[in-house]
Amino acid sequence: MILPYTWWGILLQYMIVFASGGAFCVGAQLLIIKTKLTPARILVIFLIAGIVLQALGIYEPIASILRSGIAIPITGFGAALAKGAIEWAAEYGPLGAFAGGLVNTAYGVGIAVTASYIVSVVFKPKAK
């Protein structure tokens, strides 16, 4: 969904992203409160949801509306893994399915590792 480049179009886009990202957080919080699921398992649920949405071809239309609200959470990472696996499997066969997800997400993982290292060097963690 492309909104006009006016102040209200930009504001509306921010509101959509904020509301959709907040809805993901509310869903995760409800799972924490109402079930005995651990945060790690909830993270895996959201990851697999992104993979399933991408595999079914539903993720892209949703992402065109929600933008960063769905792309930034772990669902976006799952969709990126699935998209790479699907594209590389079509081009290189079954082994491409394994490599495609890694190639498609390597940049983001590399940035996360580098940023984590820099933060650990700058701030000296102390054991309790």
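Me: A crossing of two helices is left-handed if the near helix is turned anticlockwise from the far one by less than a right angle, and right-handed if clockwise. In this predicted model, is the crossing of α2 and α5 left-handed or right-handed?

Reply: The axes of these two helices, α2 and α5, come within 7 Å of each other and cross at roughly 45 degrees. That angle makes α2 oblique to α5. By the definition of handedness, the crossing of α2 and α5 is right-handed.

Me: In which hand does α5 pass α6, left or right?

Reply: The packing of α5 and α6 has an angle of about 140 degrees. As α5 passes α6, the crossing is right-handed.

Me: Which side chain meets that of E60 in a salt bridge?

Reply: Side chains of opposite charge can pair when their charged atoms come close. A salt bridge requires a nitrogen to oxygen distance within 4 Å, and the count for this model comes to 1. At 3.9 Å, N to O, the partner of E60 is K83.

Me: How many residues apart are E60 and K83?

Reply: The salt bridge joins the side chains of E60 and K83. It links distant parts of the chain, with E60 in helix α3, K83 in helix α5, and a separation of 23 residues.

Me: Are E60 and K83 buried, partly exposed or exposed?

Reply: Partly exposed residues lie between the 20% limit for buried and the 50% limit for exposed. E60 has a relative accessibility of 41%, and K83 has 33%. Both E60 and K83 therefore count as partly exposed.

Me: How much accessible area does the nonpolar patch that includes I51 have?

Reply: I51 is situated in helix α2, residues 39-55. With 31% relative accessibility, I51 counts as partly exposed, and a patch takes residues with over 30%. Together with L43, V44, I48, V52, L56 and I58, I51 forms a nonpolar surface patch of about 570 Å².

Me: Near what value is the phi angle of R67?

Reply: R67 is in the loop between α3 (59-66) and α4 (68-71). R67 counts as partly exposed because its relative accessibility is 36%. Although R67 is a residue other than glycine, its phi is positive, near 50 degrees.

Me: How far is T75 from F46 in space?

Reply: T75 belongs to helix α5. With a relative accessible area of 2%, T75 is buried. T75 and F46 are 29 residues apart in sequence, while their C-alpha atoms are separated in space by 5.3 Å.

Me: How far is Y14 from V44 in space?

Reply: Y14 is in helix α1, residues 7-34, and counts as exposed at 60% relative accessibility. In sequence Y14 and V44 are 30 residues apart; in space, C-alpha to C-alpha, their separation is 27 Å.

Me: Which residue lies 23 Å from G21, C-alpha to C-alpha, and where is it found?

Reply: The residue is 15 positions from G21 in sequence and is found in the loop between α1 and α2.

Note on methods: Residues numbered from 1 in each chain as written. Predicted model: local features only at pLDDT ≥ 70, side-chain atom pairs only at ≥ 80, totals over all residues. Heavy atoms only, no water. Patch = residues over 30% accessible without salt bridge, like charges linked within 9 Å, V, L, I, M, F, W, Y side chains within 5 Å. Areas by Shrake-Rupley, 256 points an atom, 1.4 Å probe, with all protein chains shown as cover. Helix = DSSP H or I, 4+ residues; strand = E, 2+ residues; numbered from the N terminus. Buried < 20%, exposed > 50% of the residue type's maximum accessible area, 1.4 Å probe, protein only. Axes fitted to C-alpha atoms, helices over the stretch in contact; angles between N-to-C directions. Parallel < 35°, antiparallel > 145°, perpendicular 65-115°, else oblique.
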